[in-house]
Amino acid sequence: MQLGIRLHDTTELPFEKRIAQVHELGFTCGHLALAKVIDEFPTTDEAMTPGLAMYIKNVFARNQVDIAVLGCYLNLADPNQEQLAKTVHRYMAHIRFASWLGCGVVGTETGAPNEAYKFTPECHTEESLQLFIRNFRPIVKYAESMGVVVAIEPVYGHIVCNPKRARRVLDEINSPNLQIIFDPVNLLDMANYENRYAVIEEAIDLLGEDVAVMHLKDCAVQNGKLSAMGCGLGEMDYTSILKFMKSRKPFIQATLENTKPENNQQVRDFIWRKYEEA
C-alpha cells in the first residue's frame with residue numbers, strides 16, 4: 001500500500017509548503033482538488049496550461065509525493081444544459097491536465113439529476129443511470145484520446161449508488177480507461193448499515209479487478225445519522241478491505257479522508273497497524 005491523504009484535509013499553508021508538510025507527515029501520495037488546495041494562483045480551465053502542470057508536477061516530485069487522484073467532482077447529470085456544458089468542459093480540462101501531470105487518475109463521483117446536486121429518490125432510478133452513462137461516455141472517450149484513466153467513485157446518495165450499478169457503468173461503457181475509486185464508507189447509508197460488510201464484500205467481488213485507487217475513512221451512527229470520520233475513530237472493521245488490498249493490489253495508492261490536521265498521524269498509524277495485521 002502507498003498511503004496518502006486528501007490534501008485539502010491537511011493544514012492550510014501556501015501550496016509548496018503544504019506539499020512539503022505532506023512528505024514530512026509520512027505520506028507518499030495525495031488526492032488533489034485544485035481549487036481546494038491552491039489559492040495563490042488561478043486554477044481555472046484556461047489557467048491549466050502545460051506550464052502550470054510542470055510547475056505542480058515538480059513541486060510534488062521534489063517532495064517525493066505522487067498525485068494519486070486529480071479530483072473533478074462535478075455533476076454530470078445536471079439538467080441545466082448551460083451548466084452541464086461548462087462541467088463537461090472542466091472535465092476535459094482536467095483530463096488534459098492529468099496527461100501532463102502524470103497523475104494516477106482523474107476522479108469523479110456520479111451526480112444527481114438536479115441542479116442542486118442533492119439526493120432525491122430519482123437518483124436511484126434507471127432513467128438517472130442512463131442519463132449519467134450518456135453524459136459520461138464522451139468524457140471517457142476523451143480520456144482515451146489523452147491516455148488518461150478516469151475513475152468513478154460509487155456513493156450511496158448519488159446515481160451510481162451500489163456495486164451493481166457501478167458494474168453496469170463499467171460494462172456498458174466498456175473502456176480500459178474507466179476504472180473505480182473504492183471508498184467502502186461511501187457505499188453505506190442508514191438504509192444498509194446493518195449489512196455493511198455484505199455490501200463491502202459485494203463491491204470487492206463485482207468491482208475488485210477494476211479498482212485503481214482506495215479511499216479510506218471510518219464511520220459511525222451519530223444522532224440517528226451515519227457520519228464519516230478518520231480511520232480508527234468509528235465503527236468500521238477493515239479486515240476484508242485491507243486483505244483485498246494486500247493480497248490483490250499490494251502497491252495500490254490509498255488516500256485517507258475525513259482526517260484533521262490534529263489527528264492525521266493517529267489515523268495514519270492506525271491504518272498501517274491494521275494493514276500489517278491483515
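This is a predicted model: local features need pLDDT of at least 70, side-chain atom pairs count only at pLDDT 80 or more; totals for chains, interfaces and linings use all residues.
Residues are numbered from 1 along each chain as its sequence is written, and side-chain values use heavy atoms, with hydrogens and water left out.

Let us stay with this pair. H8 covers residues 239-248 and H9 covers residues 264-277; their axes come within 9 Å and cross at roughly 65°. Helices here are DSSP runs of H or I with at least four residues, numbered from the N terminus. On the H8 side, the contact (heavy atoms within 4.5 Å) is made by Leu242, Met245 and Lys246, and on the H9 side by Ile271, Lys274, Tyr275 and Glu276. Sorted by class, these are four nonpolar, no polar and three charged residues.

Now turn to the other pair. H6 (residues 163-173) packs against H7 (residues 196-207) at an angle of about 15°, and their axes lie 9 Å apart. That angle makes H6 roughly parallel to H7, a name for angles under 35 degrees. Where do H6 and H7 meet? Pro163, Lys164, Ala166, Arg167 and Leu170 of H6 touch Val199, Glu202, Ala203, Leu206 and Leu207 of H7. Among the residues of this contact, seven are nonpolar, none is polar and three are charged.

Key:
Axes are lines fitted to C-alpha atoms, for helices over the stretch in contact, and angles run from 0 to 180 degrees between N-to-C directions. Helices (H or I, at least four residues) and strands (E, at least two) are DSSP runs, numbered from the N terminus. Angles under 35 degrees count as roughly parallel, over 145 as roughly antiparallel, 65 to 115 as roughly perpendicular and the rest as oblique. Ala, Val, Leu, Ile, Met, Phe, Trp, Tyr, Cys and Pro count as nonpolar, Asp, Glu, Lys and Arg as charged, and the others, Gly among them, as polar.
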